[in-house]
Structure formats: C-alpha cells, structure tokens
Amino acid sequence: MHDAQGERPIHDLGGEPAGPMDLAPHEPTLVERRVDALMMLLRAPPRALWTADENRRTIEGLPPELYDGAAYYARWVHAMRRLLVEKGVLTEAEIEARIAKVRAGSEA
C-alpha cells in the first residue's frame with residue numbers, strides 16, 4: 001500500500017530491513033500495564049469511544065519521526081490523545097493544562 005505520492009506508510013516495512021527484533025518474553029512495566037488498561041477502558045462498552053480500526057488508523061497516521069522514535073506503548077498514548085481530541089472528549093488545551101499541573105507536582 002502506498003500513499004498518494006507513491007510512498008510507503010511509515011508502518012509498512014514489508015521486505016525492508018528494520019533491524020533485529022527482541023522476541024524474548026518480558027513482564028510489562030507498570031507504565032505499559034497502565035496504558036493498556038486505559039486503552040481497554042476507553043474502547044470497552046458502554047464507553048467505546050473508538051474502534052480498533054480507528055486506533056490503528058491513528059497510530060499509522062503518526063508523523064514518521066514520532067512513529068519511529070516512539071516505543072510501542074508510547075504510540076498508543078499518542079493515539080489516545082489524538083482520538084480523545086478528535087472525538088471531542090477533551091481539547092488540546094485541557095490536555096496541556098493537565099500535563100502542566102502534573103509536571104508542576106499538583107495532582108488537583
């Protein structure tokens with residue numbers, strides 16, 4: 001699959017060298033478990049704010065530098081943020097304000 005300019009999407013590595021993959025089993029980190037839980041809560045009924053296809057579209061639509069530079073679950077976080085804004089659940093301003101509070105050490 002190629003885009004309008006004939007380029008491969010960033011996620012399409014079919015036949016291209018991508019480096020070694022670590023296939024060793026590992027225990028998910030606390031952050032990974034939290035991201036996974038949040039995604040499941042946002043996608044489960046009765047909420048079901050978006051579908052698996054919308055989630056995939058959003059992850060695959062990340063800018064190449066973000067997609068390449070982000071770990072697996074970090075891509076999920078970026079996708080959640082974009083979908084929450086796209087669906088009108090939160091605004092970018094609300095997200096940025098909350099991030100600023102957390103970084104400042106204020107949980108309120």
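This is a predicted model: local features need pLDDT of at least 70, side-chain atom pairs count only at pLDDT 80 or more; totals for chains, interfaces and linings use all residues.

Buried here means under 20% relative accessible area, exposed means over 50%, and partly exposed is anything in between (1.4 Å probe, protein chains only). Residues are numbered from 1 along each chain as its sequence is written, and side-chain values use heavy atoms, with hydrogens and water left out.

Now the rings. Rings of Phe, Tyr and Trp (its six-membered ring) pair if their centres lie within 6.5 Å; planes under 30 degrees apart are stacked, over 60 edge-to-face, and the rest tilted. Searching the whole structure turns up 3 aromatic pairs. One of them joins Tyr72 and Tyr73 edge-to-face, 5.1 Å centre to centre with 90 degrees between the planes. Tyr73 also pairs edge-to-face with Trp76, at 4.9 Å and 65 degrees. Tyr72, Tyr73 and Trp76 make up one aromatic cluster.

Where do Tyr73 and Trp76 sit? Both are in helix H4 (residues 72-86), 3 residues apart, about one turn of the helix. Helices here are DSSP runs (H or I, at least four residues), numbered from the N terminus. An α-helix has 3.6 residues a turn, so residues three or four places apart point the same way.

Over in helix H2 (residues 52-60), the buried residues are Glu54, Asn55, Thr58 and Ile59. They cover an arc of only 130 degrees around the axis (taken from the directions from the helix axis to the C-beta atoms), which puts them on the same side of H2.

Definitions and conventions
Helices (H or I, at least four residues) and strands (E, at least two) are DSSP runs, numbered from the N terminus.
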